[in-house]
Structures are given as structure tokens and as C-alpha cells.
Amino acid sequence: MDAIIPYKEILQMYWEKVTSFVNARCDGLEPWQLIGLTFSSTLASVWLHGFLCQPESLTSRTKKQFFKLLRKMPFVGAIIQKKIDEALHDVTSSLSFLKDEKEYIKALPEQGMSQPEVLQKMKEYSSKGDVRWQDGKVSGTVYSGEEKLTHLLVKVYEEFAWSNPLHPDIFPGLRKMEAEVVRIACTLFHGGPNSCGAMTSGGTESILMACKAYRDLAYERGIKQPEMLVPVSAHAAFDKAAHYFGMKLIQIPLTKAMEVDVQAMRRAISRNTAMLVCSAPQFPHGIMDPIEEVAELAVKYKIPFHVDACLGGFLIAFMDKAGFPLKRPFDFRVEGVTSISADTHKYGYAPKGSSVVLYSDKEYRKYQFFIAPDWQGGIYASPSVAGSRPGGIIAACWATLLHIGESGYVEATKRIIKTARFLESELRKIDSIFIFGKPEVSVLSIGSDTFDIYRLSNFLAAKGWNLNVLQFPPSIHLCITQLHTKPGVAEQFLKDVRDSIQDIMKDLNAKTTGMGAIYGMAQSVPDRSLVEEISQAYLDGLYSTDVPSSEKHMNGSPGHH
């Protein structure tokens, strides 16, 4: 005790100096003035805290306010609005799914149509569009399309068309199917006896559920403003989750290899960090993040760690047995991984509308659930966002897993990865383009330092290909599916790429048109709210029932009709 006496005296001396200074400054002030100053300074502190500590950064909010004021200026605002109108016209003109529509059904028919009439109308609608995914010219989208599997799914769906997992007492078989799908997935990703999960409607909902669970866990731990640390290459569903659930999303940069920068993630960890995120693989470039290294951070700082395997989960799980072992593990075998999202409706080959979110322990899953114990309609409890869910999709997913089996998935994985490696090898031989990073799975992202890569997208579109257009940096990618493993498809793609590049090189200064031009413009616009406005026009177009006033159509592809 004697050792701290000198420090106590020093502190007391400084305290006396501070109190003397404050008393001197307040000398002559009346009590009401002191109370007023205290009250106003408290209010100012609270306001400043609320202003600075928001999910959206101060820099982002300042930029938004600046551009908002800029658009209100008389002359500048008019010029900006004119450019927006032109961009909106380009977007709506390029929506191919609107161009040939002559009429819409806008009200119920007075008399119901017969079944043959409905089926005939259905055939008319199903034949719309120029792109034939059956030919293997589409990136991702349809991952199997096998005719025999389609027939099985139709039969299974027919049996469970009216079922709903919200009523397990009425549909106990459906409950068992869903439980088995989750347990199969847990086993596939090497979950322990306490691993668990739930089925969802797709990858976005799976990601939303994990984020909701970790947000609620963070609240329980006393974190009032939860943050998620997410690679810039992670799926936009994390942005959606942050927006929906009031979390702050902190984007972590990538290395030159297009992997998340682990050191940057470590520096971003704070007392508000609610979850860490990696992708296996990420959507834009098909690169596997360094999951083991991030998992070490998760263990060290006791932070939940989510691995998003929505895209390739049902490929990477079989790559070892298919003869293409991954360089690094990714699943529950890695200590620190607490949850995984994986889409059964991609490389699981189940019908659209099915995915799983898995947890290493039930202690995490309980935060995903929603329960309203005081509702007049009874105690309401649901495992995910939806209440009622289509039992036919769950049953069809279950049937798919059982029908294909491990050997079927291994063989499909072998064909897909073999095709991906072949395409990567051949594309790297073309001088004027390059492949981003070192993709290990099924996505190949193509860029160019010689020409505008969006021109290649346009030329390939003219040859019937439908690729994914990416940004930051400009690129396009092909997501390889079973359809691309058909004889001649990969070779045709390579030929079309080479022919297109040969045409592009004839005039490197040619202007990029169509959606390529729109993407190029969108990346250069500093006011991101303008990009949002243009995107809203696209979303509005999805629900349009207005017949186009003009036949003008622009997709930026020479000779494309």
C-alpha cells in the first residue's frame, strides 16, 4: 500500500488543479446558468455521438448529402437530370424481356380457361426469349437441366404440392424430409453431433439468417451497434442483411490474388465486431478466401465466423473424392467456423428455392428463430423469414439428394472441374485477356488491359452467350455448370472468344454500347445514388405491363436480333 501513496498524492495534486481551474471559470455564474450549460452540453454530446456513431460511415453520409445538394442547384441539377433520363432510356430500351410484348393479361378472365387453354398459354410464355440455356451458353443459372431429374422432381412436387412445413402435425413426412436434408448437409460439411441448421428459400435468405442470428447474439453480449467484417468480394446479400437488420458493414479489401486481406481484417476487429465472413468460393472471381487464417482470428477474439459457400458448396464438398483436392479446408473441420451457407439449388441440382444454413452448434441457431409468444392467434414460432413455405420444393430437394447420391455428385463435380481447368488453361493462352487470381472451383473471371472487356461481352452476346458482367474492376465471368460439360460446348466457347477478340482488335477505339456501356458509366459515377436510381428503373421494368411505345432495342451486340 505504501508504494501507491506517491501516485495518490500526484493524482490529488492534479485533481486540485483541475477543480481550481473549473471553479475559477465558473466564478460569477448563477446556478441556473450552470444548470443550463450542463444540460446543453449533455444534449450536444448525445447529438454528436448519434451523428458520428451510425451504421453508415460519416464519409458516405457526407458524400450523399453533397451530391443531394448538388442536384438541387439550378443549372447543374438540370444537366445531371438530363444525363439520368438518357441513362434510364438506355436501360429500359435494353430490357430484352420487354421488347416483343404486345399485350398483357391485366384482369381475371370472366370465365375460367380450360386446362388445355392454360397449358397452351403456358407454352407460349415458356418459349419467350432468345437465350436457350439448354445449349449451355448461359453462365450459371441452370446447373443441371437433366430431363430424367426434371421428371422425378415434377412427380415429387405433385405429391407435395399442397403441403406446408408450417403444419408438421398435418405433414409429418415433410418435416422428416426437411430434417434429413439439413442433417445430410451437416454430415457433408463435417459437422459434429451438435451441428444443426435450417432450410431456406435461397442463398440470400441463408445469409440473412446467419447475420440475424449473430446480430441477436451480439445484442445479448452487450454490443449495441453490431458490425460485420466482410470481404469486398462477398455476396451483396451481406449488404442487404446489414440494411435490413441495422448492422454496420465494414468492407475488407482483397490482396492481388483476389483473396480477402487477413491482416486488414485483423486491424478492423473492434469491440463491436459481431461476425467475420469469408467465401468458398466468392461469386465474382471464383476465388477461395483463406478460411483457416480468418478462423484463427475468430478463435482468438471469440467472434462468430460465417463461411458463405452458397455458390460452390455442393462442388467443393466433393472435389477431394473427384480427384481435385482443395489447397485449404473450408468447413466445420476448421476450428472457428461457426456457420456455413450452401445452396442446394445450385450444384446440389435441386429446384430453385432451396438452400441450407448450417451451424456448428444449436446455441447459434436459436438466435435465428423468431418467436411471438403473446399473439392472439397463438404462440407463433418460425425458423426463418417465411411463415408458410412450399413443401413441394423441400420434397423435391430431398428427392434430388437421394436420387443423385454421393457417387453422382462426385462424377458431376469431376466433369465440371475438368471442364473449368481446361477452359482456364486455354483462356490463359490468349494474350489480350487474363484470368483473375487462381480460381480453384467453377468460376472464371476474365479481364483485359488491352480493350474494354465489356465489348467482349457484347460480341459473345451476339453469338448467343449470356455471361455475368462484373465491376470494380471491369470483368466478365463464366460459371461452369453441367451444361458446359456437354460435348463441344467448351470448345465452342473458346472459338467464339477468339473470334470475338480478333474482331475487337481490328478497332480498339470503337465505342462500347448497350449494357456494357451502362456498366462502364455506372462505375465512373461518384454519386452512387444515381446508379441506384437507374437500377430502380430496371426493377420497375420487371413488373411492367405496359406495351413498349417503340420497337427500339439496344443490347450493344452487333448483328443481334
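How do the residues of the lining of the second largest pocket divide into nonpolar, polar and charged? They divide into 13 nonpolar, four polar and six charged, where Ala, Val, Leu, Ile, Met, Phe, Trp, Tyr, Cys and Pro count as nonpolar, Asp, Glu, Lys and Arg as charged, and the others, Gly among them, as polar. The model is a predicted one, in which local features need pLDDT of at least 70 and side-chain atom pairs count only at pLDDT 80 or more, while totals for chains, interfaces and linings use all residues. Residues are numbered from 1 along each chain as its sequence is written, and side-chain values use heavy atoms, with hydrogens and water left out.

**The second largest pocket**

- On a 1 Å grid over the protein atoms alone, a pocket is an open set of points with protein on both sides within 12 Å along at least five of seven lines, a cavity is a set of points where a 1.4 Å probe fits but cannot get out, and lining residues have an atom within 4 Å of a point.
- The second largest pocket has a volume of about 460 Å³, a volume being the space filled by probe spheres set on the points, with grid points joined across faces, edges and corners.
- Its lining consists of 23 residues, and those nearest the centre of the pocket are Arg175, Glu178, Gly197, Pro383 and Arg389.
- At least two lining residues each come from helix H7 (172-188), strand S1 (196-200), helix H13 (362-365) and strand S9 (380-382), and H7 supplies the largest share, six residues.
- Helices (H or I, at least four residues) and strands (E, at least two) are DSSP runs, numbered from the N terminus.

**The largest cavity**

- About 50 Å³ of space lies in the largest cavity, and the count of cavities of 30 Å³ or more comes to one.
- The largest cavity is lined by Met288, Asp289, Ile291, Leu326, Lys327, Arg328, Pro329, Phe330 and Glu440, and by class this lining has five nonpolar, no polar and four charged residues.

**Packing of H4 with H18**

- Helix H4 (residues 74-93) and helix H18 (residues 528-542) pack at an angle of about 35 degrees with their axes 9 Å apart, where axes are lines fitted to C-alpha atoms, for helices over the stretch in contact, and angles run from 0 to 180 degrees between N-to-C directions.
- In this contact (heavy atoms within 4.5 Å), H4 contributes Ile80, Gln81, Ile84, Ala87, Leu88 and Val91, and H18 contributes Leu530, Glu533, Ile534, Ala537 and Tyr538.
- The residues of the contact of H4 with H18 divide into nine nonpolar, one polar and one charged.

**Loops and backbone features**

- Alanine 280 and proline 281 are joined by a cis peptide bond with omega of about -5 degrees, and proline 281 is found in the loop between strand S4 (273-279) and helix H11 (291-301).
- Phenylalanine 472 and proline 473 are likewise joined by a cis peptide bond, with omega of about 5 degrees, and proline 473 lies in the loop between strand S12 (468-470) and strand S13 (475-479).
- Phenylalanine 472 has a positive phi of about 50 degrees although it is not a glycine, and at 51% relative accessibility it counts as exposed, a term that means over 50% relative accessible area, with buried under 20% and partly exposed in between (1.4 Å probe, protein chains only).
- Lysine 302, which is not a glycine, has a positive phi of about 55 degrees, and it is found in the loop between H11 and strand S5 (305-308).
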